[in-house]
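Here are my notes on this one, point by point. Keep the picture open while you read.

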Amino acid sequence: MTSLAIAAKGLRKSYGDKVVLDGIDLSVPAGTIFSLLGPNGAGKTTAVKILSTLVAPDGGDLRVGGHDLAAEPQAVRAAIGVTGQFSAVDGLITGEENMLLMADLHRLPKREGRRTVAALLERFDLVEAAKKPAAGYSGGMKRRLDIAMTLVGGPRIIFLDEPTTGLDPRSRHTMWQIIRELVSDGVTVFLTTQYLEEADELADRIAVLDNGTLAAEGSAEELKRLIPGGHVRLRFSDPAAYRSAASALRETVRDDEALALQIPSDGSQRELRSLLDWLDSAGVEADELTVHTPDLDDVFFALTGSTTVPAQHHQTEEAAR
Amino acid sequence: MSALTLAVRDSSTMLRRNLLHVRRYPSLTLNLLLTPVMLLLLFVYIFGDTMSAGIAGGGADRSAYLAYVVPGILLMTIGSTVVGAAVSVATDMSEGIMARFRTMAIHRGSVLIGHVVGSVIQSVASVVLVGAVGVAIGFRSTDATVLEWLAAFGFLTLFAAAVTWIAVGMGTASPNAEAASNMAVPLFLLPLISSAFTPIDAMPGWFQPIAEYQPFTPAIETLRGLLLGTEIGHNGWLALAWCLVLGALGYRWSTSAFRRDPK
């Protein structure tokens, strides 16, 4: 059990009548990236706040870095680093001063502190901005400074609460690179995200949190296996054409509202060719044909009880932001 | 390192951070300093002739009123400076940096202690500056012995510490900086209804007990006694008692509000 960086059993938390976490179990092996995935309001941030000693749980057997959370909170704090959803930098002072503040609070000897700070500023591409007040930093720079501050004390376990929310694509990829480097140094990362792509990209294990309970847990591959495979989707604009196609093609899933048919397929060139031949011989001509391979989106929407049709995910996700 | 050494070390780190804030953004401190200086000049030069008629049985002049008003202005300076503490604590509490501090293995109270010590240092510095303005326009305390000077200085520091804890309590209990600054207004206004500008016996009879026993009046009378040799009487004990009560209340209030789980 010593190789578990984070172990939670029956973690519960309510605010008033609202149950935020309803007895969840988590186990994160040391040196891996674990992603807690869920829609807004699922309880991800609450889980991070509890595991990072910020908020007391209502119940549960919780161990972080081998220490009991309730009995030895200071020992837990000494082992962890936290970068929350909202920037935890002091905007009134410069980036370098923020870093030196962390070095002092970790009680590093003066010279060692300066060396660590200089190295981290270099690594996170903040040397140029180091002498400027942090309040003027861009979103991506603030986030980099935030993580750099978290790393000053050399934590073995790092909590990152939605580290890329609100970042532009380039900053997001930089952040992913940073996270991968952390793990290559043997650090354990506990990451929350609402982006399926991010969890798929980074995490060794993913837990899907929905309404305070874990809907599923496993590697990205394992989760994808939980739901039906890929398909080809045919969409029609003419209801009559749709009906005749639906009666001609029997092995399909019908979506009468969207005038769309789904035909199981692995998306390979060979299968597509035979499918097209079959459509031609049946005299079916769709207005739009899309190939859909299973991704975490399917898992996510299947597990979190969303009624949204898969092909519209990206649209609804955009609209929700 | 023992727990105490760690507490001292973390608190002094936090103190350095607060003093850095003051150095980078002196405008808040200067604004708070401006008010007592303006009031001093206003009451001495604009209202001075009228005000002096109200003290020492009507036979006093402007320089006598200057001597009367300076101790009150000095304590008002403290009441004004600690508003800054309420604001900066509230700002800290509403920022993500506080969550970071809470998840670090540092002494828990160091954030608050850093604010309190920083604010007391600011208060004392402000008192010295405002006092210097008083001396520049003619205030003299030549009758006081060195011991009385030291006692006055020590008393001002103690009073500043007590009022600062109250201000820090206001800061921790406020949802944001604006609310904290509003809540702290009484600290600044109380001196107006004390013996700072007019003697208590010149006030309406029903109001006299309120003016006489509120924290600022005993403190002002004590300081007057130390600097100018007037009668201190029971005011000395009363002022010390107020310092202890305010300090203890403020400390309890701050720490309990600080320990509450953040949302």
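1. Let's start with helix H1 of chain A: eight of its eight residues are buried, so H1(A) is largely enclosed by the rest of the structure. "Buried" here asks for 20 or more other C-beta atoms within 10 Å of a residue's own; 12 or fewer makes it exposed, anything in between is partly exposed, and the C-beta atoms are placed from the backbone. The buried residues include Lys44(A), Lys49(A) and Leu51(A). After H1(A) comes Thr53(A), with a positive phi near 70 degrees.

2. A quick word on what you're looking at: this is a predicted model, where local features need pLDDT of at least 70 and side-chain atom pairs count only at pLDDT 80 or more, while totals for chains, interfaces and linings use all residues. Residues are numbered from 1 along each chain as its sequence is written, and chains are lettered from A and ligands numbered from 1 in the order in which they are written. Helices (H or I, at least four residues) and strands (E, at least two) are DSSP runs, numbered from the N terminus.

3. What does H1(A) lie across? Helix H1 (residues 44-51) lies across S1, S2 and S4 of chain A, at about 120 degrees to S1(A). Angles like this run from 0 to 180 degrees between N-to-C directions, with axes fitted to C-alpha atoms, for helices over the stretch in contact.

4. Those strands belong to an open, antiparallel sheet of four, ordered S2-S1-S4-S5 in chain A. Two strands pair if DSSP finds at least two bridges between them. S2 (18-29) and S5 (67-68) of chain A are at the edges with a single partner strand each, so one side of each has no neighbour in the sheet. Further in, S1 (residues 4-15) and S4 (residues 59-64) of chain A are joined by five bridges, and Ala7(A) has Arg63(A) as its bridge partner in S4(A).

5. Chain A has another open sheet, this one with six strands in the order S6-S7-S8-S3-S9-S10 and mixed pairing. Its edge strands are S6 and S10 (213-218) of chain A, and the twist averages 15 degrees from one strand to the next. S9 (residues 205-210) runs antiparallel to S10(A), with five bridges between them; Leu209(A) stands opposite Leu214(A). Helix H11 (residues 296-303) of chain A packs on this sheet, touching S3 (33-37), S9 and S10 of chain A, at about 35 degrees to S9(A).

6. Where do the chains meet? The contact takes 23 residues from chain A and 19 residues from chain B, where contact means C-beta atoms, placed from the backbone, within 7 Å. On the chain A side, H3(A) gives the largest share, four residues.

7. Over in chain B, the axes of H4 (residues 62-93) and H7 (residues 146-173) come within 8 Å and cross at roughly 35 degrees. The residues of the contact of H4(B) with H7(B) divide into 18 nonpolar, four polar and no charged. For that tally, Ala, Val, Leu, Ile, Met, Phe, Trp, Tyr, Cys and Pro count as nonpolar, Asp, Glu, Lys and Arg as charged, and the others, Gly among them, as polar.

8. Last one: Val133(B), in helix H6 (residues 110-136) of chain B. Is Val133(B) buried or partly exposed? Val133(B) counts as partly exposed, because it has 16 C-beta neighbours inside 10 Å. Leaving out residues up to four places away in sequence, Val133(B) touches Val37(B) and Leu40(B).

Methods. Contact = placed C-beta atoms within 7 Å.
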